[in-house]
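Me: I have a structure to go through and would like to ask about it piece by piece. Could you look at it with me?

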Amino acid sequence: MSSHRITVRRLTVCVSTLLAILATRPLLAQWSTAYHQFYRQASHNWEFRHNYPAADRLFNAFDYGHAILYETLLTEPTAPPSRLEQQEYDFITKRLLVKPPRLPLEESVIEVEYAKLVPEAKELFEWAHVLHRQVYDIWADERLSEERRDREVRDLLKYYLARRRAALSTRPKDMHLMEGQSYSLNFRRRYPKFNGLIWAYHWLQVGLYEPLVTGKTRKSRQSGVNAAVTRFREMLVDPPRRMPTVMPMTAAVAPEFSRRYPEIAIIFDNLHAMHDVISDILADGTIPRSEKRAEILHAVARYRDDTSSVTTVAEWRDMAEEMGVEQMGGRATPTWSAALVERRLRDAGVDPRPLPASGRHIFMSIPAQSFALPGGDEVQVFVYPDTASRALDTSKLDTARVAPPNMMIKWRAQPSLVIDGNMAAIIITNDEARRRQVRDALSALEKPNDR
Amino acid sequence: MACVRPVNVRRSGWRRVLSIIALGLSGASALRAQTDYYNTSPGRPVRLEDAVPVEYRAVELNVAPVRLDFLSQDTRFWSLHPEASLGILPRTQLQLVLPIAYVDAPATSTRGVAGLEVSFLHALNMETSIPALAVGGGISLPVGPLGGEATYGTVKGIVTRTYPWARLHANAQFTAGPSTRSDDLDTSIEQDARDASRWLAGVAIDKTFALHSLLVTAETFAEQPLRDDSSVAWSAATGVRYQLSPRWAMDAGVGRRFTGDDRAWYVTFGSAYALGIR
C-alpha cells in the first residue's frame, strides 16, 4: 500500500513536471529579448530631412504602407483582396503619399499584432531602415568631402553589423530563398497592385542613392533626387501598369552606389527580399497563425546568416542585370548612350552628323562613336558600361593634352576632355564658343526628358 | 510631495523658477536630440510609465519637466525635475534626477534641491503574446536643503499590454526607509520635499495617433504616504505627449489627488531630447 502511494506520488510529480514543461514551451517560444538601439550619433544626423524634405516625408508614408500591409494580412486573413488593393491602396496613394506625415511613424502602433507576433523581425527591419536613413544623411550632408563620406559609411556599416541579431547578412542570397519556398509568390499573386506599390517604394529607397552618389554638385544631387521622386510618382499612375514587375535590385537600379558600397547594397536587397518573404508567409492561408512566428523567424535567420543560400557578388550583379532593370522601374539616374549624346547635341543646336566607325585609340579601351560638327569640328564619344570602366581609361590621361602623360598625340585641332558618369568625350575644335556649347550639352546628366 | 509646507523664503523666488524653465525651453530648440513620444516615463506626462526603457545607446535629457501643485490655503508647490536617462545596456536604462522644489505660500516660501535620485529600469522582454515586463529600482539620497536626511530605496514592477485600440500599463512600487511621524510633521516637511510614498500602485491607458505623432493618456493610482498615520491617497490624471521634431517631444498633463491628506490639482509640462552615445 505504502509503495503504491509512493509510486502514485512519483507518477504525479512526473506528469506534473511534464505538463509544466509542455505548458512553458510555448511560453518560452514567445519570450523575446529583442531590443531597440539608438541610431549612430553623428554630425550628419537628419541632414537628408533638412536638405531633401519632400523625399524624406515620402519615407514616413512608406512606414505606414509596410506596417498596414503586415497588420492586415495577419489580422484579416479572410478579407477580400480589395481590402488592400482598393481601400488601403487608395488611402495611401490618394491621401498619405499626397501629404505624407512630417515625422517617421511609430510602426508598432499601426502593426500592433504583427509587432507582437515577431518583434525580432520588426527590429531587423527597423535597424535596416535606420541604416537606409543614415546613409542618405551622409550623402545629403554637403559639408562632407567624398573621402569623409566613405569613411562615415564604413563606420556606419560597422555600427550596423555590430548588432548581429538585428543585422542582415552582407552576403548576397539566391532567389530560391525568396521565390522557391512553399509560401513563395502568394502575396504578389493575390495583391498585384499593393505588391507593385511596395516594389515602387523599394525602387525609390535604393534608387535615391544613385543621384546622391553620382551628383557632383548640390544642385545636381537635388535635381537627381527630384527626378527619382518624379519617376516614383509616375509608377503609381494607372497601376499596376507602370509599377515594377520584378523586385528592384540595388545593383541594377543604383549601380554606382552598389559598386561603391556593395555590402550595403546587398543588405538592402536582403532587406527587400525579406519584406517579400514575410508578406508571402502572412498571405499564405495554409500556414496557421500559430506557426507564422516560427516560419518568419526561420526565414529571418536565413537572411541574417552568412551561409544559407549564399551566392557570389558577381552572380548577384549578373542576376540583377538578367532580371531586367526596366522591369524593376529603371535605373535611378539615366546613363549615357550614343543616342542620348546625339540628342543632347542636337537639342543644343550643334547639328551632329554620325561618322562611320574608325579604329580604336591606343590609349582608350573602347572605340569611339564620332560625330562631325559644322565647320570641320568633331566630337568623339566613348560610352562605357559604367563609371568605373570609364574611370579606368580617363584616369590614365593628362586631361589638358588628352593623352597619356608619356605619349605625344597630334590632334588636328585643340582637344578637350569631357567626362560624366559612364561617358567620356573628346571635343576637337579651335572654336571656343563651339567647345563651350558642346561641353554644356554633355555636362549635366540629369536633364528633363532624358528618360 | 505630500509633505511640503512653506517656510521663510522671498516671494521673488518663483520668478527665478520661471526663468530657469524659460532658459531650458530656449535651449531646447538648439539642442539636437530625439525623443520618442510613444515611450512614457514617470511624470511625463503622468505618474505611471510603460515597460519600455530608452533605447540602448540613447541619452534622453528632460531639461525642463515642471510640475505645479495647487495646494490648500493658496500655496503653490513647484517642482522641476531635470533628469537624464541613459540606455546603458540593451533594454536597460540608468536614470539620474536632481529635483528642485519651490514652495510659494501666502506668507513664506522655500526652495532648493530636493534630493538626488539614481534609478534603473530593465525590460525583461519585448512584448509578444506575453506582455512587456520590466523591473526597476533606485535610491533617493538626502541631497540639498529640501532633500531630507534619510535615504530611501525603491523597487518597482511594470506590465504593459498593447491592443489595437490602446495600451494598458500597470505599475506597482514599494519604498523602504524610515517613516515620518505626524508630531514632527513641520520639521520633516521643511527638510524633505521629495516625492516619495511607501507604496504606489495604479493603472494607465494610452491611445496613440500615429500619423499625428500624438499620444493621449490617463491614469489612476493609489499611494500610501510615508507618514505613518496618513491615509491612502487616490489620484487621477490625464495628459498628452507630442513629437515636435525627430529629436524633440513635449508633454503636458493635469491631475487631481482626490483623497488623502493633501488633496490638490496639479499640472505638468515637459520637453525632452535624445542624443546617442558616440
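Predicted model: local features only at pLDDT ≥ 70, side-chain atom pairs only at ≥ 80, totals over all residues.

Me: Start with chain A. How many helices and strands does chain A have?

Reply: Chain A contains 21 helices and 5 strands. Its C-alpha atoms occupy a box of roughly 120 × 45 × 40 Å along the principal axes.

Me: What share of chain A is buried?

Reply: Of the 451 residues in chain A, 46% are buried. As for its contacts between residues at least 6 apart in sequence, 73% connect residues at least 24 apart.

Me: Now the helices. At what angle do H7(A) and H8(A) cross?

Reply: Helix H7 (residues 119-140) and helix H8 (residues 146-161) of chain A cross at roughly 170°, and their axes come within 10 Å. H7(A) and H8(A) are therefore roughly antiparallel, as angles over 145 degrees are classed that way.

Me: Which residues make that contact between H7(A) and H8(A)?

Reply: H7(A) contributes Trp127(A), Leu131(A), Gln134(A), Val135(A), Ile138(A) and Trp139(A). From H8(A) come Arg149(A), Glu152(A), Val153(A), Leu156(A) and Tyr160(A). Sorted by class, the contact of H7(A) with H8(A) has 8 nonpolar, 1 polar and 2 charged residues.

Me: And H4(A) with H11(A): at what angle do they cross?

Reply: H4(A), residues 82-96, and H11(A), residues 192-207, cross at roughly 35°, with axes that come within 8 Å. The H4(A) side of the contact consists of Leu84(A), Glu85(A), Tyr89(A) and Ile92(A), while Lys193(A), Phe194(A) and Leu197(A) belong to H11(A). This contact of H4(A) with H11(A) includes 5 nonpolar and 2 charged residues, and no polar ones.

Me: Ile92(A) is listed there. Which residues does Tyr64(A) touch?

Reply: Ile92(A) is one of the residues in contact with Tyr64(A) when neighbours within four places in sequence are left aside. Tyr64(A) itself sits in helix H3 of chain A, residues 53-75.

Me: Is Tyr64(A) buried or exposed?

Reply: Tyr64(A) is buried, because 22 other C-beta atoms lie within 10 Å and 20 or more are required for that class. Its C-alpha is 13 Å from that of Ala115(A), a residue 51 residues apart from Tyr64(A) in sequence.

Me: What about H16(A): how far apart are its end C-alpha atoms?

Reply: The end C-alpha atoms of H16(A), residues 262-283, are 31 Å apart. At 1.5 Å a residue, its 22 residues should span 32 Å, which agrees. In H16(A), 20 of the 22 residues are buried, so the helix is largely enclosed by the rest of the structure.

Me: On to chain B. What is its secondary structure?

Reply: Chain B has 2 helices and 16 strands. Among chain B contacts with a separation of 6 or more, 61% come from residues 24 or more positions apart.

Me: How does S10(B) pair with S11(B)?

Reply: S10(B), residues 152-162, and S11(B), residues 167-176, are antiparallel partners over 10 bridges. A hairpin of 4 residues joins S10(B) to S11(B), and Gly153(B) stands opposite Ala176(B) in S11(B). S11(B) also pairs with S12(B), residues 197-209, in the antiparallel sense over 8 bridges. There, His169(B) has Ala204(B) of S12(B) as its bridge partner.

Me: Last topic: how many residues of chain B contact chain A?

Reply: In chain B, 28 residues are in contact with 26 residues of chain A. The chain B side comprises 13 nonpolar, 9 polar and 6 charged residues.

How values were computed
Residues numbered from 1 in each chain as written. Chains lettered and ligands numbered in written order. Axes fitted to C-alpha atoms, helices over the stretch in contact; angles between N-to-C directions. Contact = placed C-beta atoms within 7 Å. Nonpolar A, V, L, I, M, F, W, Y, C, P; charged D, E, K, R; others polar. Parallel < 35°, antiparallel > 145°, perpendicular 65-115°, else oblique. Expected span 1.5 Å × (residues − 1). Buried ≥ 20, exposed ≤ 12 C-beta atoms within 10 Å, placed from the backbone. Pairing = 2+ DSSP bridges.
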